[in-house]
Amino acid sequence: MIFDYLYTYEVFFGLLTGVFFGYVLQRGRLCFNSAIRDTKFFGDNFLMKAVALALGLNAVIFTLMANLDLIKLNPLPFAPLGNIIGGTLFGLGMALAGGCASGVTYRAGEGMTTAWFAAIFYGLFASASKFSFLKPFVSVLRGPVYTVEGDGVFYVSQETGPTVANVLNINPWIPTIIFFGIILWYVFGTKTSERPDSPWSWKKIAIMAAIVSAIGYFTKQTYGLGITGGWVSLLNFVVAGKYIGWSGIFILGIILGAMITAILNKEFKIRMPRRPGVYVQVIAGGALMGIGAVTAGGCNIGHFLTGVPHLAFGSLLTTAFFFVGNWLGYYLLYGRK
């Protein structure tokens, strides 16, 4: 049945993009939970440098693609209450689950059983928050949502999320160049932690993440990469046979890409924790990530990797509270010890 969908342009390229992203995540060991946690608690900025450079590259690439009319920028809406509460819940969930939305997805492909449970409950609670019994509760937490009218040149013409450029009514290249300059100062002007055992350098991780981000935006068209909607779509396909779409098969592609890459590099292994109680912890973490992502209007990929390069107010605020929630969660779990 699923192969029938591959004849559509949308789903075919969603699968290919997912496989490529799974490869990048697995080889780069790219997890935003690790990047945020390591910077604070271990003084290790290797992954944060990779993420930061990817953000700067994405900002330039997205603006250039919009300038060439290959895409229309469509930043996520600004929901300040939801961005703060959802970002904090998602950050806490990452600490409990031991991985971010993309992290638990690719690690599920590597055979990590805790990631299986975290990812599945992430999707289940995101779906419940969007369409089922948690929707009224999440709607209250999300609060008022603000959008602006796009210019139709760089941005979609209908209502879209406010950014530095469209709120100030300036050419997006101006804040993009300033942002990219700040990123370059950080990544090349400060000392970088060494990871001699990493398969890739932090620069290669950033470049590969930027390439797959551009491919994702171009083939998906409506927005760049994201994880939450994809898990909801994939579960709806599995449970109810609904059309899977680009986002849903993108998730399947990540799992397959990470699995194939891990097998080829002899890193695939069914792994279980020593303490069965860890499963309860990661399930709780996955559930919090699902609720938090819908409340905030996006996950670490939708808001952080894709949204921050737009310089969207909602994504910038949410990302700040990803850090707050993650650091608080890790401190409560391990920091005091």
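Predicted model: local features only at pLDDT ≥ 70, side-chain atom pairs only at ≥ 80, totals over all residues.
Visitor: OK, where does F268 sit?
Guide: F268 is in the loop between α13 (245–264) and α14 (277–296). (Helices are DSSP runs of H or I, at least four residues, and strands are runs of E, at least two, numbered from the N terminus.)

Visitor: New topic. How many cavities of 30 Å³ or more are there?
Guide: One, from a search of the whole structure. (A 1.4 Å probe fits in a cavity but cannot get out; a pocket is open, with protein on both sides within 12 Å along at least five of seven lines; the grid is 1 Å, over the protein atoms alone, and lining residues have an atom within 4 Å of a point. Points join across faces, edges and corners, and volume is the space filled by probe spheres set on them.)

Visitor: Which residues are closest to its centre?
Guide: T63, Y155, T176, P309 and H310, out of 13 lining residues. Helices α4 (46–67) and α10 (173–189) each supply at least two residues of the lining. The largest share, three residues, comes from α4.

Visitor: And the largest pocket: what is its volume?
Guide: About 480 Å³. It has 25 lining residues, with L76, K130, A293, G297 and G298 nearest its centre. Two or more lining residues come from each of α7, α8 (135–142), α12 (228–240) and α14. Helix α8 gives the most, four residues.

Visitor: What about the second largest pocket?
Guide: That pocket has a volume of about 390 Å³. Its lining has 21 residues, and A97, G98, M112, T114 and V282 are the closest to its centre. Elements that give two or more residues include α3 (32–41), α6 (101–110) and α16 (313–335). Which element gives the largest share? Helix α5, with four residues.

Definitions and conventions: Residues numbered from 1 in each chain as written. Heavy atoms only, no water.
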